[in-house]
Amino acid sequence: MNNKSCFSREPHPPASSRRARTHRSAALAALFVVASLLSSPAAKAGDAPSWMHALVNVPLPIHDEKTDAVLLYSEEILNVQSNGRIKETERAAYKILRPDGRRFGKLQFAFTPDSKINSLHAWCIPAQGKDYEVKEKDTAERGYADVEGGELYTDLRAKVVDIPAAEPGNIVGFEIDRDARPYILQNEWFLQQTVPVAEARYTLQLPPGWEYKAVWLNHAEIQPTPSGSNQWVWEAKNLPAIKWEPDMPPWKGVAGLMIVSLVPPGGVKRGFLTWSDMGNWYNELTQGRREASPDIKQKVAALTSSVSTPLGKMRALADFLQRDIRYVAISLGIGGVQPHPATEVFSHRFGDCKDKATLLSSMLKEVGIDSYYVIINVERGEVTPETPPHIGGFNHAILAIRLPDGVSDSSLVAVVQHPKLGRLLFFDPTDDLTPFGQLHGALQANYGMLVTPDGGELMALPQLATSASGITRAAKLTLDEHGTLRGEVHEIRVGDSAWYQREILRSVDKDSDRIKPIEGLMANSLGVFQVTGATVTNLKQTSLPFEYKWSFVAPAYGKTAGNLLLVRPRVLGTKSRDLLERKEPRQYPIENESPSRDTDTIEITIPAGYEVDDLPPAVNADYSFASYHSKTEVNGNTLKYTRTYEVKELSVPVSKADELKKLYRIIASDERNTAVLKPATH
Amino acid sequence: MNFRRVFLFVVLLLIAAVARRTPLVSGDDWLPITPDELKMTSEPKAPGAPAIFLYREVDRKDSGTANTEYNYARIKILTEEGRKYANVEIPYLHRTTAISNIRARTIRPDGTIVNFDGKVYEKTIEKTKGNTYLAKTFTLTDVQVGSIIEYHFNYDFEDGWVYSSLWVLSEELFTKRAKFTLKPYERLSVRWSWPAGLPAGAQVPTEEPDKVIRMTAQDIPAFQLEDYMPPENELKFRVDFVYSEESAIEKDETRYWKQFGKKNYDHVEGFIGKSQAMQQAVSQIVAPSDPPEVKLQKIYARSQQVRNLSFEPRRTEQEQKRDKLKEAKNVADVWSNGYGWGSEITWLFLGLAKAAGFEAYPVIAASRNEYFFRPARMNSHELNSNVVLVKLNGKELYFDPGTAFAPYAMLPWQEASVGALKLDKDGGSWVTTALPDSSASRIERKAELTMTDEGSLEGKITVTFTGLEGLSRRLELRDKDDAARKRYLEDQLSEYVPAAIEGELKSQPDWKSSSEPLVAVYQVKVPGWASSAGKRALLPVGLFSATEKHLFEHAHREFPIVFEFPFKKMDDVTIELPLGWQVGSAPKDMDTDAKAAEYIFKSDGKNGTVHFNRVLRSDLFIVPADKYTVLRNFFQVVRSGDEQQIVLQPGTTSASQ
C-alpha cells in the first residue's frame with residue numbers, strides 16, 4: 001500500500017512500521033493535546049515540580065517483568081477560549097523500570113505555526129541525588145519530511161528533549177503549554193500507552209454557552225466530574241499497556257480513546273457532530289477546486305477523443321493521473337487537508353493524494369462523469385463504524401466514481417451500490433500500481449467518508465473476492481538419477497500479489513538486479529540452484545497480470561539415502577509463518593492485508609530406473625478464515641504436487657489465534673514433506 | 001534528490017582577507033542540450049537506471065572572504081521512478097554557509113523548456129544550541145519520463161574562514177560526464193588525494209598554471225550497497241582536499257609518518273609518566289612468583305576492572321557536569337581515579353605491563369570498519385584506535401583492554417589484522433595486528449534431544465559462544481537487563497533453527513566476563529521436526545542451518561566480500577528415537593575443505609539413537625569479487641549438506657501415526 005500520509009496534519013511514521021506507528025501514537029498524545037491552565041510551581045529552581053514529587057511513592061500499576069516503564073500520571077487540560085483558540089497543557093511522568101525504558105527520556109513535541117509552544121520543561125527525579133531540569137532553551141528542533149519519498153515540505157516541526165539520567169529507577173516527566181488555533185474544534189485523548197498507566201486525567205474548560213460531545217472507542221465510557229463552571233474532569237486508573245504484536249490492528253483500533261467535539265453557541269459547527277457536518281465542511285474547503293481550466297479541458301479531449309466508451313474514457317483519465325502526475329506533498333497550514341486547485345496540479349504535473357483526486361474528479365466531470373472525494377485511512381481498522389466523525393482519523397484521499405448506467409465490465413470489482421448515487425467505483429489515483437477497477441488490500445473493507453454535495457457519510461468499501469489477488473505458480477521439472485532438478489517455472493500474479501512484486505521491482509535500478517526476487521524465492525527453499533534464464537512480463541502494464549518465467553538447475557536437490565532418492569515435491573514457495581510462535585498469548589486480532597488465493601502445481605518427471613515408494617499424505621485444512629489443501633500423486637513417471645492456499649478473512653480474531661497457529665504448523669509440516677523414490681523393481 | 005546528504009565542511013582555519021563575493025557563474029548560464037540527450041531513452045552503461053547525471057560540475061573558489069562553490073547538475077529521467085530526482089534538497093549549515101543563485105528548469109522530451117518559477121522552501125533539519133542545519137528544497141514542474149532536469153546554485157561560505165572540501169564522484173546515479181575545479185586559497189598549502197582511486201578514464205586532478213586544480217571524469221558508475229561489502233569509504237570515488245597552515249605540506253610518506261610517530265610516542269610516554277605509581281600498582285596485582293604469562297593475565301584482568309566510561313550509556317551535559325569526573329593527565333590518575341576512557345585504560349595496561357618488566361609497545365591502529373588503512377594516503381586521522389603489543393615468550397601479543405569484555409590477547413574485529421604504527425622514540429614502524437583464527441571464535445551447539453512418535457524433538461540445547469562471538473554479544477547487550485538478554489538468547493536460538501521452536505533459557509550466562517565463554521542452556525521443543533513419508537519417517541539433519549539459508553543467494557556480485565572475523569560453528573546433535581524406531585539409511589558423510597573454509601558433516605545411528613556432527617569453519621577474511629562464485633558454491637554445498645535427511649523406520653505401533 002502506498003504509505004503516503006497525504007491528508008493529515010500529523011507527522012507520519014516510517015513506512016510500513018507498525019511499531020513506529022504505535023510509538024508515534026503514544027507520543028502524539030504528548031504532541032498535540034496540550035496546554036496550560038495550571039502551571040505547577042517548582043519547589044525551587046532546578047527541582048522537579050511538586051506534582052512530580054508527589055508521585056515518588058505512589059504504587060505502580062500492574063505490570064510484568066518485561067515492562068520498560070510505567071506512566072505514573074498524565075494530565076491534559078484544554079482551556080477553550082470564546083474565540084476558538086485553545087490553551088493546552090500537558091504534563092506526564094514515567095517511572096523507568098528497565099534499560100529499554102530509557103526511551104521515555106527522549107521526547108518529541110510537534111508544533112506548527114497554528115500550534116505554538118509557549119513553554120516546555122522536563123525533569124528527572126533520580127532515585128538518589130538532586131533533580132535535573134531541562135528548559136526549552138536546552139531542547140533541539142527537528143523538521144519532518146521525506147524529500148525522496150515525495151514529501152517535499154511541511155511546516156510541522158518538533159522540539160526534541162533529552163532528559164538527563166533517564167535510567168531504571170528514576171522518574172522522568174514534562175510539562176508543556178501551548179496555544180493552538182485549530183481548524184476543527186475536536187480533540188483526542190488517548191488513555192492507553194505502550195506501557196501501563198497508573199492514572200490519567202483530562203480536563204475540559206469551555207466558555208459560557210459552549211457544549212461538547214464525547215465519544216469513546218475501545219474503552220467503556222467514563223463519566224466526567226463537573227469541577228467548576230463549564231469545566232469537566234475525566235479520570236482513569238490502572239490501564240493496561242498496549243503491547244506491540246506483529247500484524248496487529250492499528251493503534252486507534254485497540255487503544256482506549258476519547259474523541260471530544262466542541263460546539264460553540266449559535267450553531268457554528270466547527271466540531272463535527274455528524275458525518276454530514278464533516279462532509280459539508282470538506283465541501284466548503286474544496287469549493288471551486290475542481291474547476292477545469294481550458295488546458296485541462298484540452299487535455300481531457302486529447303486523452304479521450306479516440307475512445308468511444310465511458311469506461312475507456314475513465315481508464316484513460318485514471319491512467320493519466322497515475323502515470324503523469326507525480327506524487328509530491330507540500331503541507332502548509334490548512335494545506336494538510338485542503339487540496340490545491342486542479343488547475344495548479346495540472347500545470348505543475350505534481351500533487352499529493354487529495355490533489356490527484358481533485359484533478360481526476362475535475363477531468364471526469366469534463367466527460368460527464370460525477371465523482372466524490374472519499375477521505376480514508378491507509379490502515380484498515382483506524383476508522384470503524386463506531387468511529388465518530390473527526391478529521392484525526394484520516395490520512396488519505398481517494399475518489400468514488402459514479403459509474404454511468406450501462407458501464408459494466410468484469411474488471412470493475414471495487415464497486416458498491418449506493419442507495420442514492422447508484423454504483424460507485426472506488427479508485428485511488430495515488431496508487432499507481434493498482435489498476436482502475438481494483439482496490440488495494442489496505443483499502444478493502446475499510447471505512448471512508450464519502451463526501452457528496454449533500455454532506456458526508458461513513459461508508460464501507462468493498463472486500464474483493466479471494467480470486468482478485470494471488471499467485472498461480474506452475475513448474476515443469478525433471479529430476480535425474482544424481483538428484484539434479486531442472487526445468488521451468490511460470491508464475492502469474494494478480495491483485496496485491498502483483499502489486500508487491502511491481503513495488504519491489506520499481507526500486508531496482510539495474511537490469512541485472514531484476515532477477516534478485518527470484519533468487520530470494522529460490523533460496524527460501526533450495527540450497528543449491530542456478531537461475532539460468534528469466535523474463536518479466538507486464539511489469540508496467542498494471543491492468544494485466546504480472547508474470548515471471550524462469551528456468552533453473554538445482555544440483556543435489558534429490559538426496560540419496562542408501563539406494564533411495566528423497567524428493568521434496570513442493571520444491572519452492574513458502575506459505576507458513578511463525579508470527580504466532582511466541583510464548584505470550586496473543587492479545588489482538590491478526591490482520592491480513594487482503595483476501596488471496598495461491599495455487600501451486602509442480603510436476604516432476606522422475607529419473608528412469610526409479611519408482612515412487614512412499615508419498616507424503618494429502619493435507620486438507622479448512623478454517624473460516626483460511627484453507628490449505630495439498631496433494632502429491634503419481635501419474636506414470638511424473639510426481640505431481642498441487643496445493644491451494646486461500647486467505648478468506650481480513651481479520652482473524654484472538655479466539656481463533658490458536659487455530660491459525662495450528663494451520664501454519666500444518667503448512668510448515670507439509671512444506672517439509674518428502675517423497676521417497678527407490679530403484680524400479682522391473 | 002538529496003544533493004548532499006552529509007555536511008562535509010569542516011572549519012579548518014580562520015584567515016584574514018578581504019574580497020568581494022562574485023558568483024562563479026551568474027544568471028541562467030545553461031549549457032546547450034544536444035539532440036542525443038533529448039532522444040536518449042536508456043544508458044547502455046547503466047542498464048535499468050531510473051535516471052542518470054548527464055553532466056555534473058563543481059567549481060570551488062577559496063579566495064579568502066568570498067569563498068563560493070558553484071554546483072551544476074543535469075539529469076536525464078529514464079523511468080517513472082526516476083522522476084523523484086526532480087525533488088531537490090540542498091542541506092547547509094546556517095551562519096557558516098548560504099545558498100544563492102538557485103536556478104532550475106525542465107526540458108521536455110520535445111525540447112520545450114519550463115523554467116522553474118516555484119517556491120524554494122527553507123526546511124529545518126535540526127537546530128541545536130550550537131548549530132542550525134537547514135535545507136533548501138524545491139521541486140521541478142512537468143517532469144516526465146524522457147525529460148531532462150537541470151539546476152544550479154552556489155554554496156557561499158562565511159567570510160574569514162577556509163573550509164576543507166572534497167569532490168564526490170560516486171553518486172547514487174550513474175554520471176556520464178563530470179567536471180570539477182578548485183581554486184585553492186593562495187596563502188595556505190593544500191594537499192589532495194583520491195583514497196578509493198579514480199574511475200576509469202578520469203583525468204587525474206592536476207594543478208594548472210593558473211593555480212586551479214582541475215579534473216574531468218566520465219561514465220562514473222552509480223554507487224550501490226551490498227551485504228558484506230567493504231566500508232563505503234574504500235569504494236566511493238572521491239577527491240579529498242586538506243588545507244594546512246604549514247608553508248609546505250610534507251609530501252614524503254616516510255617523513256610524514258616519522259613526524260606523526262614521534263609526536264604520538266612523546267604523547268604516550270607523557271601519559272604513562274613516571275613508573276613509580278605503576279610499580280606500586282603492579283605489586284598489588286601480581287605476586288613476584290607468578291610466571292610471566294600469569295602476571296600478564298592478572299594485569300590485563302585488573303585493567304579491565306577499571307570503570308570504562310566509553311562503554312557506559314551516553315550521559316547528557318548536565319549529568320557529566322554533575323559527575324565531576326576528573327580528567328586523567330596520566331595513567332597514574334586513571335589508576336587512582338578508578339575510571340577512564342577506553343583509550344586511557346589501554347595505556348594504563350601498557351604502563352602496568354612495562355612496570356612489570358614486560359617488553360611492551362604502544363601501537364596506534366586503524367580500525368577497519370570505516371577505512372582499510374594505507375600509509376600512502378598520509379591521513380593520520382585513519383589511525384584512530386590504540387592497542388598494546390607485548391612480547392612474551394617469543395610471541396607478539398596484541399591487547400585492547402580498553403574495549404569492554406575483550407578477551408585476553410584478542411582484539412575486537414575492527415582492530416584485528418589492520419595496519420598499525422608501533423611507536424618508538426624514532427617514530428615507529430609498521431605492523432599488522434593479529435587476526436585470531438577460526439578456532440578462537442566459536443559457536444558450539446550441543447543438542448541432547450528425544451524424538452516423539454509425532455516427530456517432535458524435545459530436550460536440552462547448550463550454546464557456547466567463545467572469543468569474538470562472545471565479545472560481540474556481550475558488547476551488544478551490555479546496557480540491557482536480564483529479561484532483555486534472555487529474550488535475545490531465545491530469539492537467537494529461533495534464528496538458528498529453520499522451523500518453529502519453543503525454547504526457554506534455563507541458565508544464567510555470565511555477561512560480564514571477558515575470560516569465560518558465554519554459555520546458554522535451553523529447554524526446547526521443536527514440533528513436527530520429522531516428517532512422514534508413507535511407511536517411513538524422515539529426519540532433517542539441518543537443525544541449526546537457518547543462518548546459512550540466504551547467505552550469498554544472488555549470482556551477481558559487484559564488490560569484494562568482507563568477513564568481520566574467522567569463526568567456527570560446531571554442532572553436536574544426539575536424538576534418541578522412540579522405542580522400536582530404527583535408522584533406515586543415513587546420508588553420506590561430507591568433508592568439503594576449501595582451505596579457507598570447510599564444511600564437515602558426519603552422522604551415525606545405532607541403538608535407537610541418531611547422532612550427527614556438523615562443522616562450518618570460516619577463515620575467510622576478504623574475498624575478491626571475482627572469487628565470489630567460488631564462495632557462493634561453497635555455501636551452496638553447506639546448504640545442500642544441511643538439507644539431507646535420515647530415513648527412519650517407525651516402530652510397528654507408531655507406523656500408522
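The centres of domain 1 and domain 3 of chain A, taken over C-alpha atoms, are separated by 47 Å in this predicted model. The assignment, which is automatic or comes from a database, places domain 1 of chain A at residues 18–271, domain 2 at 280–464 and domain 3 at 467–679. Seven residues of domain 1 of chain A are in contact with seven residues of domain 3 of chain A, where contact requires that the C-beta atoms of two residues, placed from the backbone, lie within 7 Å. On the side of domain 1 of chain A that touches domain 3 of chain A, four residues are nonpolar, none is polar and three are charged; Ala, Val, Leu, Ile, Met, Phe, Trp, Tyr, Cys and Pro are counted as nonpolar, Asp, Glu, Lys and Arg as charged, and the others, Gly among them, as polar.

Residues are numbered from 1 along each chain as its sequence is written, and chains are lettered from A and ligands numbered from 1 in the order in which they are written. Because the model is predicted, local features need pLDDT of at least 70 and side-chain atom pairs count only at pLDDT 80 or more, whereas totals for chains, interfaces and linings use all residues.

Chain A contains 11 helices and 38 strands, which are DSSP runs numbered from the N terminus (helices H or I, at least four residues; strands E, at least two). Of its 682 residues, 50% count as buried, a class that requires 20 or more other C-beta atoms within 10 Å of the residue's own, while 12 or fewer make a residue exposed and values in between make it partly exposed. Among the contacts in chain A with a separation of 6 or more, 74% join residues 24 or more positions apart.

The contact between the two chains takes 62 residues from chain A and 62 residues from chain B, and the side of chain A that touches chain B has 25 nonpolar, 12 polar and 25 charged residues. Strand β6 of chain A (residues 140–143) pairs in the antiparallel sense with strand β7 of chain B (residues 121–127) over two bridges, pairing being assigned if DSSP finds at least two bridges between two strands. In this arrangement, E141(A) stands opposite K127(B) in β7(B).

Within chain B, K446(B) lies in strand β24 (residues 442–451) and is partly exposed, because 15 other C-beta atoms lie within 10 Å. Apart from its neighbours within four places in sequence, K446(B) is in contact with T462(B) and D572(B).
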